[in-house]
Amino acid sequence: PHGKSRKVYTLREPLRGVITAITPFNHPLNQVAHKIAPSVATNNRMIVKPTEKTPLSALLLADVLYEAGLPPPMLSVITGDPREIADELLTHPDVELVTFTGGVPIGKYIAAKAVYKRQVLELGGNDPIIVMEDADLDEAAALATAGSYKNSGQRCTAVKRMLVHEKVADAFVERLVARTRAWTHGDPMDATLDMGTVIDEAAARGFEAKVDAAVAGGAKLLVGNQRQGALYSPTVLDHVDPAMDVVRTETFGPVSPVIRFRDIDDAIRISNGTAYGLSSAVCTNRLDYITRFVAELEVGSVNVREVPGYRLELTPFGGIKDSGLGYKEGVQEAMKSFTTIKTYSLPW
């Protein structure tokens with residue numbers, strides 16, 4: 001009853017301190033913009049540390065924003081060896097929030113180091129595309145190929161595992177192999193090609209080693225696993241065991257491992273059987289299947305008849321388990337993270 005005579009309001013205010021933003025190599029402009037835009041919109045101050053592997057586009061964006069009139073104190077970009085500068089960006093008393101997009105080991109290091117600071121951690125993924133027996137196999141193969149090979153597979157939401165119902169697995173794999181063979185790759189400066197290199201030779205060697213280990217363990221290599229320096233070809237593995245390292249961990253490259261399953265219970269068990277929980281794709285038209293996937297997949301997003309990476313700038317995006325703490329990105333959610341709610345009440 002005492003609430004009837006007053007009205008309660010909320011106000012979002014900028015943070016008192018500074019936001020530290022740490023961004024990865026795979027989308028060196030997009031990921032930086034995802035941090036800066038909500039910070040500017042909420043009248044905050046941000047220090048961006050782009051990865052030392054791809055810093056130039058972040059510096060260029062800062063120059064463009066300064067020229068457009070952004071007050072320099074609202075945005076700083078710092079580059080350098082993270083072993084020398086990262087801890088200060090995490091522990092300095094003026095830092096109030098750390099927003100990080102990148103790998104799980106560094107994310108967990110940040111969580112342990114930046115103890116009493118707000119943290120928005122968008123970490124790795126091991127995203128499946130699940131192909132049920134009623135799926136349009138041409139559509140599913142097209143989604144699987146694009147989801148696996150675009151950006152050379154170097155996306156947290158890339159298709160990392162292909163879970164296919166055993167009734168349609170042979171037909172699906174046939175289509176997947178044909179599309180993989182047609183996916184052109186080579187010089188990243190050649191705009192006519194579908195795919196260029198991965199980030200560096202060390203990463204390409206890692207994919208090669210994981211695929212070799214899977215083949216040694218009984219998986220069948222159908223196409224690919226060719227490496228030349230940092231260029232690694234689109235690769236299809238069939239009859240992959242869920243316990244193999246190529247699908248148990250995040251393989252951050254153009255590898256398409258096919259896991260065959262018996263029924264929806266099997267598919268959900270396999271999908272949930274890794275440490276990650278970012279996004280997923282399901283290919284089916286059955287509402288009973290869709291309802292179960294939405295309810296039971298341990299992920300932050302479920303996309304029906306679309307790639308796991310489907311998102312709009314305004315939609316909440318983020319994962320659970322080793323993929324993140326459950327806090328979301330996306331412009332609106334980031335603006336919420338970058339503000340403090342003040343509650344006030346009035347007598348009229």
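This briefing covers helix packing, nonpolar cores and salt bridges in the structure above. The model is a predicted one. Its largest nonpolar core holds 28 residues, and the count of salt bridges comes to 26.

**Helix packing**
- Helix α1 (residues 30-41) packs against helix α2 (residues 56-67) at an angle of about 35°, the axes lying 10 Å apart, and α1 passes α2 in a right-handed crossing.
- Val32, Ala33 and Ile36 of α1 make this contact with Ala58, Leu61 and Leu65 of α2, and the residues involved divide into six nonpolar, no polar and no charged.

**Nonpolar cores**
- Within the largest core, the residues with the most contacts are Ile130, Leu237, Val240, Val246 and Phe293, while α7 (201-216), α8 (245-248), β13 (255-261), α9 (264-271) and α10 (287-296) each supply at least two residues, with α7 giving the most, namely five.
- Once neighbours within four places in sequence are left aside, phenylalanine 293 is in contact with Ile130, Met132, Ile264, Ile268, Val282 and Val302.
- Another core, of 26 residues, lies apart from the largest one and includes Leu143, Met162, Val177 and Met195.

**Salt bridges**
- Arginine 16 and glutamate 96 form a salt bridge whose closest N and O atoms are 3.9 Å apart; because arginine 16 lies in the loop between β1 and β2 and glutamate 96 in strand β5, the pair ties together parts that are 80 residues apart in sequence.
- Arginine 16 is exposed, at 71% relative accessible area, whereas glutamate 96 counts as buried, at 13%.
- Arginine 227 of strand β10 and glutamate 201 of helix α7 form a salt bridge with closest N and O atoms 3.3 Å apart, and Glu201, Arg205, Glu208 and Arg227 are linked in a salt-bridge network.

Terms used: Residues are numbered from 1 along each chain as its sequence is written. This is a predicted model: local features need pLDDT of at least 70, side-chain atom pairs count only at pLDDT 80 or more; totals for chains, interfaces and linings use all residues. Side-chain values use heavy atoms; hydrogens and water are left out. Axes are lines fitted to C-alpha atoms, for helices over the stretch in contact, and angles run from 0 to 180 degrees between N-to-C directions. Helices (H or I, at least four residues) and strands (E, at least two) are DSSP runs, numbered from the N terminus. A crossing is left-handed if the near helix is turned anticlockwise from the far one by less than a right angle, and right-handed if clockwise. Contact means heavy atoms within 4.5 Å. Ala, Val, Leu, Ile, Met, Phe, Trp, Tyr, Cys and Pro count as nonpolar, Asp, Glu, Lys and Arg as charged, and the others, Gly among them, as polar. A nonpolar core is a set of buried Ala, Val, Leu, Ile, Met, Phe, Trp, Tyr and Cys residues joined through side-chain atoms within 4.5 Å. Buried means under 20% relative accessible area, exposed over 50%, partly exposed in between (1.4 Å probe, protein chains only). A salt bridge is a side-chain nitrogen of Lys or Arg within 4 Å of a carboxyl oxygen of Asp or Glu.
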